[in-house]
Protein chains: 2
Amino acid sequence: MTHDGRRLRGSRSREAILERAVSLASVEGLDGLSLGRLAAATGTSKSGFFAHWRDKEQLQLDAVEWAARQWAESVVAPALRAPAGVRRLFALHEARLKFYSDGVLPGGCFFFTVQAEFDDRPGPVRDRVARAMREWLEFVRRQVAEAAALGELAGSVDPDQLAYEIDALGEMVVPHSRLHEGHASFTHARRAVLQRLRALCPDPALLPED
Amino acid sequence: MTHDGRRLRGSRSREAILERAVSLASVEGLDGLSLGRLAAATGTSKSGFFAHWRDKEQLQLDAVEWAARQWAESVVAPALRAPAGVRRLFALHEARLKFYSDGVLPGGCFFFTVQAEFDDRPGPVRDRVARAMREWLEFVRRQVAEAAALGELAGSVDPDQLAYEIDALGEMVVPHSRLHEGHASFTHARRAVLQRLRALCPDPALLPED
DNA sequence: TACATTAACGACCGATCGTTTGTATATCTC
DNA sequence: GAGATATACAAACGATCGGTCGTTAATGTA
C-alpha cells in the first residue's frame, strides 16, 4: 500500500529523529538528552535507535551535522540574498537574531548549548562541534574581508577581530534573553554591531540608521 | 588533641566540598556533576553530603553562592583598586580575562557553563543563577554610568548597551579559547573593549594604546 | 557523668542510564 | 517465490543515578 521503500522510510524517520534530537539538545544538551526521553518524544522505542546508529555518540555526531545544515539554510542562505559587503555582513547578524527570536529551536541555539557542554570534553563530538564553529567563524571572517575589499570598511580592520566581535555580540543574546526576560538583549546585540559597522563604513547609506 | 570543634570541622569540609563542586561544575555543569563523582573527588562518601545539604539542589544553590563570592573576590575586588571611571571599567574587563587565562577554574568559568545549562530549566537554581548574572551586569552598568558622570565617556552612551557589549565580548572568550586552541580570542576580547572605550573617551591618556 | 547532637560512613533502594539480545515484519534482490 | 536485509520492538543487562536508613565515633551540653 504505502510506497515507502524501506530505505526511504528509514531515512525519513532518521531525519525526524535527528530534528527532534537537535531541538531537545538545544535545551538539555547533547549528553543531557537521554535516549529514553528522545524515544518518548519521537514515539519510538530506544532500542530502535540502534538500527540507525551504532551508539549514542554516532547519533550525537549526526545531530551536529543536522544542526549545521539547519544553520546554513536558516541563517546563512537568507543573508546571502543581500548584496555582498557590509550589507551582507549585517544581514547575517540580523538573520541570526531572527533565528533566535523566532524560536526556531526551543533552547534558542543548539550550538550555544552544545559548545558550553563539550568545550572541555575531549572526543569526536567536541571535535565536530569545534569544526562547525570554526567554519562559521571563517565564513563571517570572509564576509568581513569581502566588505573591506569592496571599500566598505575602513582599511585597518582585522577580519579575525571583527568576526570575533560580531559573533560574540550575537551569540550572547541566547543566555541573556532567556535568563532575563524581555527583548532588551536583542536591541543591544543589534545596535552594537550596527553602530560598529557604521563607524567603519565610509558610506553610511548602506546601513540603516537604527 | 585537635581543636576542631565539630562545627568548625563541619564548616571546613563544607567549604572544601563546595570549592570542589564549583571547580568540577565549571567543566561538567551543576547537574552534569554527579554526587558519586563529587564524593570520589573529595575523598568522602556521597551519603555524607546529606549531613550538610537536604538534597542535590541545595548543594547546587550553595555552589552558586560560593562561585559568586569567588567572582567578587577574584574579579571585582582587584578591579576596584583602579580609579573610578573608564580605567576601572577596563580594569574590570582585564581582571575577568586574567581570571580565565590564569585557569582559576578548570572549565574556565562556572557561570558560563551553568548559565548555558539552566537558562531553559525553570527552578530555584535557575533563579539564583539569573540573580547572580543580573547583579553582575548591574555592577558593570554602574561602572559605565560612573565613567559617564566623570565625563570620561561621550555623553550619548547608554549604560545598558555598553554593559551588554563588555560582558558579551568578555564572556565569549571562554568557549572560543577552549574550542579553538590559541590565545587569539583573548587578544580579540581585550582589543574590542579597549578600542570601544578609547573611541568614547575624550581623554585617550586614561587607557593603554594597545 | 549522662545525654543530645553532629559528621561521616557502608549498605542498600527504586529509577534511569546506554546498550545487548532475540524476534517479528516489511521490503529489496535474485 | 526464496533468501537476504532493513526496520522496529520488548525485555533484560550491568552501571550509575539521587536518596534513605541505620550505625559509629566524636563533640557538645547538662
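**Accessibility, packing and annotation**

Visitor: Does Gly43(B) count as buried or exposed?
Guide: The relative accessibility of Gly43(B) is 67%, and the classes are buried for under 20% relative accessible area, exposed for over 50% and partly exposed in between, with a 1.4 Å probe and protein chains only. Because 67% is over the 50% limit, Gly43(B) counts as exposed.

Visitor: What kind of model is this?
Guide: Residues are numbered from 1 along each chain as its sequence is written, and chains are lettered from A and ligands numbered from 1 in the order in which they are written. Side-chain values use heavy atoms, without hydrogens and water, while local features need pLDDT of at least 70, side-chain atom pairs count only at pLDDT 80 or more, and totals for chains, interfaces and linings use all residues, since this is a predicted model.

Visitor: How far apart in space are Gly43(B) and Glu57(B)?
Guide: Gly43(B) sits in the loop between α2 (35–42) and α3 (56–79) of chain B, where helices (H or I, at least four residues) and strands (E, at least two) are DSSP runs numbered from the N terminus. Along the sequence Gly43(B) and Glu57(B) are separated by 14 residues, and from C-alpha to C-alpha the distance is 21 Å.

Visitor: At what angle do α5 and α6 of chain B pack, and which class does that give?
Guide: Helix α5 (residues 110–118) of chain B packs against helix α6 (residues 124–149) of chain B at about 135°, with the axes 10 Å apart; axes are lines fitted to C-alpha atoms, for helices over the stretch in contact, and angles run from 0 to 180 degrees between N-to-C directions. Angles under 35 degrees count as roughly parallel, over 145 as roughly antiparallel, 65 to 115 as roughly perpendicular and the rest as oblique. An angle of about 135° therefore makes α5(B) and α6(B) oblique.

Visitor: Which residues of α6(B) take part in that contact?
Guide: Contact means heavy atoms within 4.5 Å. The α5(B) side consists of Phe111(B), Val114(B), Gln115(B) and Phe118(B), and these meet, in α6(B), Val125(B), Arg126(B), Val129(B), Ala132(B) and Met133(B).

Visitor: Which residues touch Ala130(A), beyond its sequence neighbours?
Guide: Ala130(A) belongs to helix α6 (residues 124–149) of chain A and is buried, with a relative accessible area of 4%. Leaving out residues up to four places away in sequence, Ala130(A) touches Leu179(B) and His180(B).

Visitor: Which residues are in contact with Ser23(A)?
Guide: Ser23(A) lies in helix α1 (residues 6–28) of chain A, and its relative accessible area of 17% makes it buried. Neighbours within four places in sequence aside, the contacts of Ser23(A) are Leu105(A) and Pro106(A).

Visitor: What percentage of the residues of chain A count as buried?
Guide: Chain A has nine helices and zero strands, and its C-alpha atoms fill a box of roughly 60 × 40 × 35 Å along the principal axes. Of its 210 residues, the buried part is 50%.

Visitor: How far apart are the end C-alpha atoms of the span that UniProt lists as "DNA-binding region"?
Guide: An unreviewed UniProt entry lists residues 34–53 of chain A under that name; positions are in the numbering used here, feature names are shortened, and annotations may be inferred rather than shown by experiment. In the model, residues 34–53 of chain A are 40% helix and 0% strand, with their end C-alpha atoms separated by 14 Å.
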